[in-house]
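My notes follow in the order of looking.

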Amino acid sequence: MRDPLESAYAKHSERRAARDWRGLADCFAPDARYFDPIFGWYEGREAIRDFLEGAMAGLADRVFEDVWHIAEGDRLVIYWRCGVPGEAAPEAGAGLYHGMSALRYARDGLWAEQMDIYDREQARSSRSRAGGE
């Protein structure tokens, strides 16, 4: 049987990779919290959904890929990169950046909290190049 934390991670990762922001919000408990370094805290699944759909619209041409992840207890940390399809590494060109997400598992395949950590200036630059905010 697969570990519940790893199963929740797989679903989270698949939806993020598919840019299914509405579906990604479904990975969070109704009372979950989400922190983004540019936009701040969001409380509750519906607020997280609104944030993801709005904020990620400016990154429609970007792909998010996980480089590695580690899980222990009810915690998961993901090191990821956001880039343009076909680019080899975040250092390879404009509009690329990387970061980390720390998640806390709630129950029943759902996350209680996610905190993203990334360079805000690189992200803003990427959004500008993508035609976002």
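In which sense do strand β1 and β6 pair, parallel or antiparallel, and over how many bridges? I note that the model is predicted. I found that β1, residues 28-36, pairs with β6 in the parallel sense, over 4 bridges. I looked up one partner in β6: Phe28 bridges to Trp111.

I then turned to β5, residues 97-107, which pairs with β6 in the antiparallel sense over 8 bridges. Here Ser101 has Asp116 of β6 as its bridge partner. The hairpin of β5 and β6 has 2 residues between the strands, and I noted a positive phi near 50° at Asp108. I checked burial of β6, residues 110-118: 7 of its 9 residues are buried, and the strand is mostly covered.

Next, the rings. I listed 12 aromatic pairs in the structure. For Tyr42 and Phe51, the centres are 4.5 Å apart and the planes are at 20°, so I logged the pair as stacked; stacked requires planes under 30 degrees apart. Both Tyr42 and Phe51 are buried.

I also looked up Tyr97 and Tyr118, a tilted pair with 5.7 Å centre to centre and 50° between the planes. Tyr97 is in strand β5 and Tyr118 in strand β6, so this pair ties together parts that are 21 residues apart in sequence. I found both Tyr97 and Tyr118 buried. Tyr97 and Tyr118 belong to one aromatic cluster with Trp21, Phe64 and Trp80.

Last entry: I found Arg33 over the face of Trp41, 3.9 Å from the ring centre.

Technical notes:
Residues numbered from 1 in each chain as written. Predicted model: local features only at pLDDT ≥ 70, side-chain atom pairs only at ≥ 80, totals over all residues. Heavy atoms only, no water. Buried < 20%, exposed > 50% of the residue type's maximum accessible area, 1.4 Å probe, protein only. Pairing = 2+ DSSP bridges. Phe/Tyr/Trp six-rings, centres within 6.5 Å; stacked < 30°, edge-to-face > 60°. Lys NZ or Arg CZ within 6 Å of the ring centre and 35° of its normal.
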